[in-house]
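Please read them with the coordinates open beside you.

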Amino acid sequence: MKRPPVIVVQLVHITGPLKGEIHEFSEGEISIGRHPSCQVRFPADFAVVSRKQADIVREGNQFKLIDHSANGTLVNGKRVQEAYLKSGDVLEFSAGGPKVSFLTEVQEAPAEVAEAPLPPRRKVPVEPSPVQAPSLREGKPLTPPPREEPKEIPVHKTAAPLVIQYGPTIRSFRELPVTVGKDAKCDFVLNSPGILDLHAQFFFSQDRYWVKDLTGQGTIRVNRQPVLSHAALNLGDQVALTPRGPFFRFLGEGRLAEGSEGPEESTIPSRERKGGEAQTDPPKDQASKGLLSRFRKNL
């Protein structure tokens, strides 16, 4: 069994204080004016429109405009007391007053379908699972909880220094973030096996330096631990852009120097050794000594 069609009325304000607004109705009667009870209500101090300006009443599949105002209501430029409206008509509330476009859209109502009662649910006995949780007495280890993702750190442009030494190259930056990868658009282009077009990003936030993995694969490691998303850098941290390198050592104050996978690096300043004496390993040869001198000069 079909229901009567649903006719949606749209009043699009062309001029006046409500210009640009669209009112949509599916009711059988629409009241227009300044009175608080009106469905289309104009501002209280807008005296051009009466408190009870007009009504639009549905009669079957037609809509009739009934004017109640002193200044009159016009349909397509002609003043009327009552008039049947067509979709596309322009209503004007008093001569020179606000204009509204009258639009209708017919929507077919869905057929009523009698809902059949649902059959009673059959109770199914639930048998206990034969799998039991491992017992500590049996010596079976419990599954460790999943590692929590670090909270997202916002990346903003920051006036902070960053110096990267890789081979004979030393690059200085005065603004972060700095992107590293094979793509020519990267701030620091690095052509090395395993490096992607957009590989890593170094940024400064919360008074700390951070490295961010742009690969989405957990390729970057800090102190041999995969970086899930980003990680803060501390003095002496080793940063591996891939498990096989390149490797860098963070020397603090925005300085990254190429290193190796070993735990000790010759470029780490003032590392504590046996006996409590702070020492710095000397460069292995004159070439590395000159490179270290250039690196410190860029700081």
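Which residues does R34 touch, not counting residues up to four places away in sequence?

1. R34 touches R41, F42, P43, A44, F46, A47, V49, S50 and R51, with neighbours up to four places away in sequence left out, where contact means heavy atoms within 4.5 Å. R34 lies in the loop between β3 (29-33) and β4 (40-41); strands here are DSSP runs (E, at least two residues), numbered from the N terminus. At 17% relative accessibility R34 counts as buried, the class being defined as under 20% relative accessible area with a 1.4 Å probe and protein chains only. The C-alpha atoms of R34 and S50 are separated by 6.2 Å, although these residues stand 16 apart along the chain.

2. On the basis of the work: this is a predicted model, in which local features need pLDDT of at least 70 and side-chain atom pairs count only at pLDDT 80 or more, while totals for chains, interfaces and linings use all residues. Residues are numbered from 1 along each chain as its sequence is written, and side-chain values use heavy atoms, with hydrogens and water left out.

3. K64 is found in strand β6 (residues 62-67), and it counts as buried because its relative accessibility is 15%. Its side chain makes a polar contact with the side chain of E59 at 3.4 Å; such a contact is a pair of N or O atoms within 3.5 Å, and within protein one must be able to donate a hydrogen and the other to accept it, residues adjacent in sequence counting only if both atoms are side-chain atoms. Not counting residues up to four places away in sequence, K64 touches D55, I56, V57, E59, E82, A83 and Y84.

4. An open sheet is formed by 6 strands in the order β2-β1-β11-β10-β7-β8, with antiparallel pairing, where two strands pair if DSSP finds at least two bridges between them. β2 (22-25) and β8 (78-80) stand at the edges with a single partner strand each, so one side of each is left without a neighbour in the sheet. Within this sheet, β7 (residues 73-75) and β10 (residues 90-93) pair in the antiparallel sense over 3 bridges, and the bridge partner of V75 in β10 is L91.

5. Strand β17 (residues 208-213) is mostly covered, with 5 of its 6 residues buried. Strand β16 (residues 200-205) pairs with β17 in the antiparallel sense over 6 bridges, and Q201 stands opposite K212 in β17. These two strands form a hairpin with 2 residues between them, and Q206 in the turn has a positive phi of about 55 degrees. β17 is also joined by 3 bridges to the antiparallel strand β20 (residues 230-232), where A231 is the bridge partner of V211.

How values were computed:
Helix = DSSP H or I, 4+ residues; strand = E, 2+ residues; numbered from the N terminus. Buried < 20%, exposed > 50% of the residue type's maximum accessible area, 1.4 Å probe, protein only.
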